[in-house]
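Let's take a walk through this fold, beginning with the sheet and ending with the charged side chains. Keep the structure open as you read.

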Amino acid sequence: MKTVLLLFSLALFGNEITYSRQVGNIKSSSEGFESQYKTLVKKHDLITLGIAVIKNGKVIWTGYFGEESPGEPASENTLFDVASITKTVSTEAFLKLVDQNKISLTESMSNYWIDPDLEESSKLNELTLYHTLTHTAGFRNWRFFDNDNTLKFINDPGTIYGYSGEGFEYGVRYVESKLDTKFDELVQNLVFNPLNISKASISVQKDLFSSIARPIDENGKFYGFYCRPNGWCRGEGEYSAAGDLVISVEDYAKFMISVMNGSGYSIELIEKRNQVHTETNLVDCKLLKNTPCPEKQGYGLGWRVLDYKNNKLITHGGSDWSEIALAYFYLASKDGVVIFINAPAQRGLNAMPEAIEIIEPNSPMAVHYRMRLGRN
């Protein structure tokens, strides 16, 4: 009898360990979220916070905290600047065009576009849209990181991972030259219109300014929308496929659900998108206490991927001087999270892991942000 009880206890204990080591335990109840996020906003002095929780492909809870602008509370209509999360929307436009055979992942982009800085480069013919989407174009993140402010190859295309906004912009110039259409219009027609998203844009639209969460620096100074503290501002109609998206939490959740469901292109392309093509560490497995280590991690097509044996976490983040944003979902369950923070960068980064853990206490993405805090 004692042996039977012991085996039964071990079986239960083993199941508890197995369960606790599973990935993708986003809470199914929102009880306590409201008070916890109010406390978080106060603790880290966040200006604006927007959250969406998705279970089984449906939004089960949204929360809005802080102010959209002085005296104006944040709401479901608040638009957030989400920085590099813009790349996910641009990726969907690219992949839909590939599926329609209007562009190609593998043809040389030099057939249609050559940046003036690279006219003499022998590596031009190697550069493809696949390199853009897997961050192996061989460019720095931005050309202005070099003292001479010119675009140059620092690696051969396709050889080494190197996160690059310039790579995305190069892909845009290729598409625009080949199709003779502005990329922001393609995004609107291919991505936003099919989802009935009317108040989102990757280009500067002054009619949206009144709804954008107001960015400020550590001293509370506002420099203008689409502006930086050094005085540089984007003009009306300008756009970036790498970092200019403004969108509401609920509209981004709607977009991400369409990505989960594989809307808009072939199963073959969906599988390529969700496959790790370029390996790079998103999480340090030594720091994962209650979730397993992914078998592979890195970039798929335009999205970061943590590949587990029976599940995948698909994600992207964005950050700049006045915002930090995160979106991720689990492929098997179609559960996901959207967290948009408008605050000076360090405050937002300090808050992000705690914001994640309220919804998913053992999330590998919380570990990712704690790693970033450690680097800082």
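Two strands count as paired if DSSP finds at least two bridges between them; helices (H or I, at least four residues) and strands (E, at least two) are DSSP runs, numbered from the N terminus. What you have here is a predicted model, where local features need pLDDT of at least 70, side-chain atom pairs count only at pLDDT 80 or more, and totals for chains, interfaces and linings use all residues. Residues are numbered from 1 along each chain as its sequence is written, and side-chain values use heavy atoms, with hydrogens and water left out.

Start with the open sheet: nine strands in the order E3-E2-E1-E11-E10-E9-E8-E7-E6, with antiparallel pairing. At its edges sit strand E3 (72-73) and strand E6 (278-279), each pairing on one side only. Helix H2 (residues 33-44) packs on this sheet and touches strand E1 (48-55) and strand E2 (58-69), its direction making about 30° with that of E2. Contact here means heavy atoms within 4.5 Å; axes are lines fitted to C-alpha atoms, for helices over the stretch in contact, and angles run from 0 to 180 degrees between N-to-C directions. Helix H7 (residues 249-260) lies across E1, E2, strand E10 (323-330) and strand E11 (335-342), at about 145° to E11.

Now head over to E6, which is joined to E7 by two bridges in an antiparallel run; Thr278 has Tyr299 in E7 as its bridge partner. E7 (residues 296-299) also pairs with E8 (residues 304-307), antiparallel again, over four bridges. There, Lys296 is partnered by Asp307 in E8, and Gln297 stands opposite Leu306. Four residues separate the strands of this hairpin, and Gly302 takes a positive phi near 80°.

On to the charges. Side chains of opposite charge can pair when their charged atoms come close. Taking a salt bridge as a side-chain nitrogen of Lys or Arg within 4 Å of a carboxyl oxygen of Asp or Glu, the count comes to 22. In one of them, Asp45 meets Arg347 (3.1 Å, N to O). That pair links distant parts of the chain, 302 residues apart: Asp45 is in the loop between H2 and E1, Arg347 in helix H9 (residues 345-359). Buried means under 20% relative accessible area, exposed over 50%, and partly exposed in between (1.4 Å probe, protein chains only). So Asp45, at 45%, is partly exposed, while Arg347, at 13%, is buried.
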